[in-house]
Amino acid sequence: MLTGDELLAIDDVGGPHRLEVRAWGGKAVWLRQATADLRDEWEAFCLANQGKPASWRAKLASLLLCNEQGEPLFTAADVPKLGRKSAAALHEIWEAGLPLLKVTDQEVRELAGN
């Protein structure tokens, strides 16, 4: 059995994931590997907006887009600006980001109120 200290010492998150966004001419972005805190922040956003129109893709992008060192590029305040970016580009980030957050298609449908 692992002790608490041993468990906390395990580096289980890993580095950022590189994604080439076709809608942005193949330019690459980095997506953070999701932590439990990021997943919880995503779920809190989804529950607060369940059944309502919300900036789902922009919120996910704000949580996961990062620099090469894994440091976030955006805050919650940036979600409206991200929401005005290309739907095609944010959809590519969405498609790559959902598996990082361990979100299933069924969960997305339920949280969106469909």
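Is K102 buried or exposed? K102 counts as exposed, because its relative accessibility is 63%, where exposed means over 50% relative accessible area, buried under 20% and partly exposed in between, with a 1.4 Å probe and protein chains only. We will come back to this residue after a look at the whole chain.

## About the model

This is a predicted model, in which local features need pLDDT of at least 70, side-chain atom pairs count only at pLDDT 80 or more, and totals for chains, interfaces and linings use all residues. Residues are numbered from 1 along each chain as its sequence is written, and side-chain values use heavy atoms, with hydrogens and water left out.

## Overall picture

The protein has six helices and three strands, and from the N terminus on the elements run α-β-β-α-α-β-α-α-α. Both kinds of element are DSSP runs numbered from the N terminus: helices are H or I with at least four residues, and strands are E with at least two. The C-alpha trace spans about 45 × 35 × 25 Å along its principal axes.

Of the 114 residues in the protein, 32% are buried. Contact here means heavy atoms within 4.5 Å; among contacts between residues at least 6 apart in sequence, 60% join residues at least 24 apart. The protein exposes about 7200 Å², with carbon and sulfur atoms supplying 53% of it. Such areas come from the Shrake-Rupley method with a 1.4 Å probe, and for residues only the protein chains shown count as cover.

Now for the charges: there are 13 positive and 17 negative side chains, and the centres of the two sets lie 12 Å apart. Lys and Arg count as positive and Asp and Glu as negative, while His and the chain ends are not counted. The place of a charge is taken as NZ of Lys, CZ of Arg, CG of Asp or CD of Glu.

## Helix α5 and what follows

Helix α5 covers residues 87–101, and its 15 residues should span 21 Å at 1.5 Å a residue; the end C-alpha atoms are 20 Å apart, which agrees. The expected span is 1.5 Å times one less than the number of residues in the helix. At the start of α5, a side-chain oxygen of S86 comes to within 3.2 Å of the backbone nitrogen of A88. Buried residues of α5 include A89, I93, W94, G97 and L101.

Just after α5 comes K102, with a positive phi of about 60° although K102 is not a glycine. Most residues other than glycine have a negative phi. K102 sits in the loop between α5 and α6 (105–111).

## R39 in helix α2

R39 belongs to helix α2 (residues 36–48) and counts as buried, because its relative accessibility is 15%. The R39 side chain makes a polar contact with the side chain of E43 at 2.6 Å. A polar contact is a pair of N or O atoms within 3.5 Å; within protein, one must be able to donate a hydrogen and the other to accept it, and residues adjacent in sequence count only if both atoms are side-chain atoms.

Which residues is R39 in contact with, leaving aside its neighbours within four places in sequence? They are L101, K102, V103 and E107.

## Around helix α3

K59 lies in helix α3 (residues 56–64) and is buried, because its relative accessibility is 7%. Not counting residues up to four places away in sequence, K59 touches E41, W42, F45, A76 and V79. K59 and G15 are 44 residues apart in sequence and 21 Å apart in space, C-alpha to C-alpha.

S62, also found in α3, is buried with a relative accessible area of 4%. Leaving aside neighbours within four places in sequence, S62 is in contact with F74, T75, V79 and L82. A76 and S62 are 14 residues apart in sequence, with 6.8 Å between them in space, C-alpha to C-alpha. A76 is in the loop between β3 (65–66) and α4 (79–82) and counts as exposed at 52% relative accessibility.

## V29 in strand β2

Strand β2 (residues 27–31) holds V29, which is buried with a relative accessible area of 15%. Apart from residues up to four places away in sequence, V29 touches H17, R18, L19, V21, W24 and L65. The C-alpha atoms of V29 and L100 are separated by 14 Å, with the two residues 71 apart along the chain.
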